[in-house]
Amino acid sequence: MGRMGSSGKDGLDGRDGVRGEKGDRGESGSPGKRGKKSGVKGRKGVFGKVGPPGLRGLQGASGLMGQRGAKGELGDRGAQGASGGCNCGSPARSAFSVAMTKSYPKEQRPIHFSRILLNEGNHYNTSTGKFVCVIPGVYYFSYDITVATRHLAIGLVHNGQYKIRTLDSNSGNHDVASGSTILQLQNSDQVWLQIYNTGQNGLFFDPFWTDSTFTGFLIYADQDYLNEAERKANAKEEKSL
């Protein structure tokens, strides 16, 4: 066997081989470093669906009161309501009418009308001849006096002051003297009749054919009195419940 000869020249490239199958996916590499600049802002996305209502929040503070609006037009008249009531206990009532039982009473002092025709509330006192105000308000007073044999000078007195006076000059026949007035009275005020001139006392009484009368009654009570009476009645009712 002889010696190995020198290497020959390279031959021509061979044909490409058949493509092999896809290999398995390699492992993920470690995250790269964050870039120094932010990327370009993307386009605005499409609106999503409305979500379910959230829980009701706390009530906010009241706002400032607005300016008063212009007055509106007058509305149609409503139906008549039911009658109101007053819870002020017994109604405010005061009235009396009294008559004489003898002629020629004492002068310059209260005349005692001792026969009671009406005494609502017992505010007229037959012992003193005086009406005593219990319900403050406006009152009407009147008198009709039979006159005989003498002149009659009679007056209506309020707390010691004459409010009206009448003088009937008798000429020998029987006559009637009358007078009336309206007074504003307060609690405990007193009203009475009396002869104001000595010797002019012709007040006459006869049980068979003539009378002399004194009358008074409440026209309306003071509103303050009614309000206070209602307040007391309501308080009494609440206390009983």
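Predicted model: local features only at pLDDT ≥ 70, side-chain atom pairs only at ≥ 80, totals over all residues.
Trainee: What secondary structure does the chain have, and in which order do the elements run?

Mentor: The chain comes to 10 strands and 1 helix.

Trainee: What radius of gyration does the chain have, against that of a compact globule of 241 residues?

Mentor: The C-alpha atoms fill a box of roughly 205 × 45 × 35 Å along the principal axes. For a compact globule of 241 residues, a radius of gyration near 18 Å would apply. The chain, by contrast, has 57 Å.

Trainee: How far apart are the C-alpha atoms of proline 207 and glycine 8?

Mentor: Proline 207 is placed in the loop between strand 9 (201-203) and strand 10. Along the chain, proline 207 and glycine 8 are 199 residues apart. The separation of their C-alpha atoms is 185 Å.

Trainee: Is proline 207 buried or exposed?

Mentor: The cut-off for the exposed class is a relative accessible area over 50%. Proline 207 has 58% relative accessibility, and therefore counts as exposed.

Trainee: What share of the residues in the chain is buried?

Mentor: The accessible surface comes to about 19,700 Å², and carbon and sulfur atoms hold 49% of that surface. A residue must have under 20% relative accessible area to count as buried. Of the 241 residues in the chain, the buried share is 28%.

Trainee: How far apart do the centres of the positive and negative side chains lie?

Mentor: The chain carries 31 positive side chains and 22 negative ones. The centres of these two sets lie apart by 17 Å.

Trainee: Which residues touch the most other members of the largest nonpolar core, and which element gives the largest share of this core?

Mentor: The core has 29 residues, and those touching the most other members are Phe113, Phe131, Phe141 and Phe214. Two or more residues each come from strand 1 (95-99), strand 5 (137-158), strand 7 (175-185), strand 8 (190-195) and strand 10 (213-221). The largest share, 8 residues, is given by strand 5.

Trainee: Which residues are in contact with isoleucine 219, leaving aside neighbours within four places in sequence?

Mentor: Isoleucine 219 belongs to strand 10, and its relative accessibility of 41% makes it partly exposed. Its C-alpha atom is separated by 16 Å from that of valine 191, 28 residues away along the chain. The residues in contact with isoleucine 219 are Val138, Tyr139, Tyr140 and Ile182.

Trainee: What phi does glutamine 108 have?

Mentor: Glutamine 108 also lies in the loop between strand 1 and strand 2. With a relative accessible area of 48%, glutamine 108 is partly exposed. Glutamine 108 is not a glycine, yet its phi is positive, at about 55 degrees.

Technical notes. Residues numbered from 1 in each chain as written. Heavy atoms only, no water. Helix = DSSP H or I, 4+ residues; strand = E, 2+ residues; numbered from the N terminus. Rg over C-alpha atoms; globule rule 2.2 N^0.38 Å. Buried < 20%, exposed > 50% of the residue type's maximum accessible area, 1.4 Å probe, protein only. Areas by Shrake-Rupley, 256 points an atom, 1.4 Å probe, with all protein chains shown as cover. Lys, Arg positive; Asp, Glu negative; His and termini not counted. Charge placed at Lys NZ, Arg CZ, Asp CG, Glu CD. Core = buried A, V, L, I, M, F, W, Y, C linked by side-chain atoms within 4.5 Å. Contact = heavy atoms within 4.5 Å.
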